[in-house]
Amino acid sequence: MIVLSKLLDEIYSINPQARLIAVSKNVTSKEVLELFSQGQIEYGENRVQELAKKQSELKDLGLKWHMIGRLQSNKINQLIALKPTLWQSCDSFEKALEVDKRLNFKLDTLLQINSANEDSKQGVLEGVAKEIYLKINEQCSNINLVGVMSIGSHSDDWREVTKSFETTYKIYKSLEKDGAKICSMGMSSDYELALKSGSNMLRIGSMLYI
């Protein structure tokens with residue numbers, strides 16, 4: 001397992017305000033405990049049932065859990081019951097409405113943007129992202145939008161990846177006056193590009209458990 005302090009030193013050298021979310025989707029609670037012993041508090045899961053399992057197994061540690069994967073309609077009630085620290089993957093106005101009508105508390109949320117304009121990715125497109133963000137703000141009283149999230153372009157060309165991050169960051173900056181504080185971009189393969197493009201939240205998984 002990676003020495004967490006070395007990675008954090010590298011991250012903070014680029015952006016001292018960046019937050020690391022350790023993605024735990026392919027590991028067990030044992031690996032989460034090992035990272036926790038190094039000081040890691042925030043974790044991300046792609047599937048609601050796996051989030052529920054680890055949250056239950058590690059309930060005494062005071063961990064903060066993020067939902068970072070696509071939220072299926074039949075899992076909404078379960079996610080709400082878990083009260084995650086942050087729902088990072090709100091990928092449409094319709095999904096926001098569906099979640100909002102079942103909430104009885106304010107759920108901190110990020111709007112997912114498909115800034116690479118790739119069919120394989122979820123999220124709203126660049127051209128309508130700001131409009132949808134403001135629409136959710138106006139019509140979903142229990143969805144507390146606090147920023148945006150995106151996945152970098154699936155490309156071996158670092159210029160294409162950087163372009164997709166810069167697109168998201170530009171949208172984020174335009175929404176700061178409307179409450180955006182988090183720009184969640186960057187994973188194991190591209191976190192340095194994301195940080196240099198303005199990310200202040202990373203979702204890193206595989207490289208943490210080498």
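Which hand does the crossing of helix 5 and helix 6 have, left or right? The crossing is right-handed. The model is predicted. The report begins with this pair of helices and then moves to other parts of the chain.

## Helix 5 against helix 6

Helix 5 covers residues 93–100. Its axis comes within 10 Å of the axis of helix 6, and the two cross at roughly 20°. Angles under 35 degrees count as roughly parallel, and helix 5 and helix 6 are therefore roughly parallel to each other. On the helix 5 side, F93, A96 and D100 make the contact. On the helix 6 side, the contact residues are I132, K135, I136 and Q139. Sorted by class, this contact has four nonpolar residues, one polar residue and two charged residues.

How many of the eight residues of helix 5 are buried? Six are, so the helix is largely enclosed by the rest of the structure. The buried residues are F93, K95, A96, E98, V99 and D100. F93, A96 and D100 also belong to the contact with helix 6. The cover over the buried residues of helix 5 includes helix 4, strand 4 (86–90), strand 5 (107–112), helix 6 and strand 6 (143–149).

## Helix 6 against helix 7

Helix 6 spans residues 126–139, and helix 7 spans residues 158–175. Their axes come within 10 Å and cross at roughly 30°. That angle makes helix 6 roughly parallel to helix 7. The crossing of helix 6 with helix 7 is right-handed.

Which residues make the contact? Helix 6 supplies E126, A129, K130, Y133 and L134. Helix 7 supplies T167, I171, S174 and L175. By class, the contact of helix 6 with helix 7 has five nonpolar, two polar and two charged residues.

## T168 in helix 7

T168 is part of helix 7. Its relative accessibility is 0%, so T168 counts as buried. What does T168 touch, leaving aside residues up to four places away in sequence? The contacts are I113, S115, V148, S150, C183 and M185.

## Helix 3 and its cover

Helix 3 runs over residues 48–57. Within helix 3, V48, E50, L51, A52 and K54 are buried. The elements covering these buried residues include helix 2 (29–36) and strand 2 (42–45). Strand 3 (64–67) and helix 4 (76–82) are also among them.

## V27, a buried loop residue

V27 sits in the loop between strand 1 (19–23) and helix 2. Is V27 buried or exposed? V27 is buried, with a relative accessible area of 13%. Not counting residues up to four places away in sequence, V27 touches E50, K54 and Y209. E50 and K54 are buried residues of helix 3.

V27 and G205 are 178 residues apart along the chain. Their C-alpha atoms are separated by 9.2 Å.

## Y12 in helix 1

Y12 lies in helix 1 (residues 4–14). Y12 counts as partly exposed, at 36% relative accessibility. Y12 and L35 are 23 residues apart in sequence. In space they are 18 Å apart, C-alpha to C-alpha.

## Two cysteines without a bond

How many disulfides does the count give? The count comes to zero. A disulfide is a covalent bond between the sulfur atoms of two cysteines. The cut-off for a pair of cysteine sulfur atoms is within 2.5 Å. The cysteine sulfur closest to that of C90 is in C140, 7.6 Å away, which is too far for a bond. C140 is likewise in no disulfide.

C90 counts as buried, at 0% relative accessibility. C140 is buried as well, with a relative accessible area of 1%.

## Two positive phi angles

K83 has a phi near 45°, a positive value in a residue other than glycine. K83 lies in the loop between helix 4 and strand 4. At 54% relative accessibility, K83 counts as exposed.

N117 has a positive phi too, of about 55°, although it is not a glycine. Where is N117? N117 is in the loop between strand 5 and helix 6. N117 counts as exposed, at 56% relative accessibility.

Notes:
Residues are numbered from 1 along each chain as its sequence is written. This is a predicted model: local features need pLDDT of at least 70, side-chain atom pairs count only at pLDDT 80 or more; totals for chains, interfaces and linings use all residues. Side-chain values use heavy atoms; hydrogens and water are left out. Axes are lines fitted to C-alpha atoms, for helices over the stretch in contact, and angles run from 0 to 180 degrees between N-to-C directions. Helices (H or I, at least four residues) and strands (E, at least two) are DSSP runs, numbered from the N terminus. Angles under 35 degrees count as roughly parallel, over 145 as roughly antiparallel, 65 to 115 as roughly perpendicular and the rest as oblique. A crossing is left-handed if the near helix is turned anticlockwise from the far one by less than a right angle, and right-handed if clockwise. Contact means heavy atoms within 4.5 Å. Ala, Val, Leu, Ile, Met, Phe, Trp, Tyr, Cys and Pro count as nonpolar, Asp, Glu, Lys and Arg as charged, and the others, Gly among them, as polar. Buried means under 20% relative accessible area, exposed over 50%, partly exposed in between (1.4 Å probe, protein chains only).
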